[in-house]
Amino acid sequence: MVIKCSTLVKTTLALLIPLTKLYRNDLISRLRSMMNLRLRNVYILPTVILLCLLLGLFSHFSQVFPQGKLTPAYTNQKLMNCDARQRLPSCIIIGTPKSGTKALLEFIGVHPAVAVAEGEPKFFHRDDNYQKGMNYYVEKMPLSCPDQITMEKSPEYFYSDKAPFRIHKMNRTIKLILIVKNPVDRSISEYIHRRTHHSGKEAKHSFEEIVYDDKTQKLNVGYYPIAKSVYYRYLIRWLQYFPLNQIHVADGSKLIVDPQEELLKVQDFLGLKRLISRDNFIYNNTRGFYCLLINSESKCLPPNKGHRNVSTSKVIAKEMTKYFKPYNDMFFQLIKRNLSWT
């Protein structure tokens, strides 16, 4: 005979409530009889009631304090049980392009306490978008619960002279994430991106031909990918509006080889429970990068993301490293620590 706990508990509570003075003594007498029902030395009913109550408490607190579930289904269920609406972000990934911003957003986006925007809003650095107002911006945000962190990423914000002021005007306490990688690698990555998606000089010339003049034996430091890899120049502007403790600098070079460590730092910066761990990553030999592992299924970035850099000559790589070194040192002084590509 199967007795449901909920039915048993309800019945027991009904017996405990004195409906009227007339039946109180009779109810108490019946309850005593039921409580004295034993199997050998074990009182059956009290034991069953106690187990049911414990199961009920366990079920209740599992819902109130759920264990970390890195699944879209859990996120959807969470949205159905809260005041879900579009909110302004409380964290923005501000840069840099070709340094792992997409990977970082995808990785942190599986955390149940984070809701990420699709695509790149490109709001604060583009006048045409900014003039459309905050309502336009909010419409770019995902549905989120009040206790979730809404996040977006637009890597070009980092280079904008207007974005820091505009973001500060929106929320002076907002948290910002800046992901950077070895400027030599970032320069090459952007060259590959421009060669793939544009029909400019990158489509006709190799990286070496563009960045290095054999006659003068000098780097073309004005080349856009190289100029945009001098992080020091741009971070100074952001520190005029935001204290360093509101800007987390993630190591894009380290994210490639050890994403777990970088994600732990990001979770700590955002004040999140450490739910994304080493068990959530799997190395993809074909792609040469780590992918997310959720419910025994791997989730990798699209094929156009995470490409390997083209090889460059040791001479040019050495010249680029030499050029970037003083700027890297100034950048490390600003953030008060060194990164893996020191």
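The legends below describe close-up views of a predicted model.

**View 1. The whole protein.**
The protein has 342 residues, and buried residues make up 40% of them. Its secondary structure consists of 15 helices and 14 strands. Of the contacts with a separation of 6 or more, 72% are between residues 24 or more positions apart. The accessible surface comes to about 19,900 Å², and carbon and sulfur atoms account for 55% of that surface.

**View 2. The five-stranded sheet.**
Five strands form an open sheet in the order β5-β7-β4-β8-β11, and their pairing is parallel. At the edges are β5 (residues 114-116) and β11, each of which pairs on one side only. On average, neighbouring strands of this sheet are turned by 25° against each other, direction ignored.

**View 3. The pairing of β5 and β7.**
Strand β7 covers residues 149-153 and runs parallel to β5, with three bridges joining the two. Within this pair, Ala115 has Thr150 of β7 as its bridge partner.

**View 4. Helices α5 and α12 on the sheet.**
Helix α5 packs on the sheet and touches β4 (91-95), β5, β7, β8 and β11. The direction of α5 makes about 160° with that of β7. Helix α12, made of residues 231-239, lies across β4, β8 and β11. It runs at about 175° to β8.

**View 5. The enclosed helix α14.**
Helix α14 spans residues 259-269; eight of its 11 residues are buried, so the helix is largely enclosed by the rest of the structure. Buried here means under 20% relative accessible area. Which residues of α14 are buried? They are Pro259, Gln260, Glu262, Leu263, Leu264, Val266, Gln267 and Phe269. The cover over these buried residues includes the helices α5 (101-108) and α13 (252-257). Strands are also part of the cover, including β8 (175-180), β11 (247-251), β12 (281-284) and β13 (289-294). Just after α14 comes Gly271, which takes a positive phi of about 75°.

**View 6. The hairpin of β12 and β13.**
Strands β12 and β13 pair in the antiparallel sense, over four bridges. Ile282 stands opposite Cys291, a residue of β13. Four residues lie between the two strands of this hairpin, where Gly288 takes a positive phi near 80°.

Notes
Residues numbered from 1 in each chain as written. Predicted model: local features only at pLDDT ≥ 70, side-chain atom pairs only at ≥ 80, totals over all residues. Heavy atoms only, no water. Buried < 20%, exposed > 50% of the residue type's maximum accessible area, 1.4 Å probe, protein only. Contact = heavy atoms within 4.5 Å. Areas by Shrake-Rupley, 256 points an atom, 1.4 Å probe, with all protein chains shown as cover. Pairing = 2+ DSSP bridges. Axes fitted to C-alpha atoms, helices over the stretch in contact; angles between N-to-C directions.
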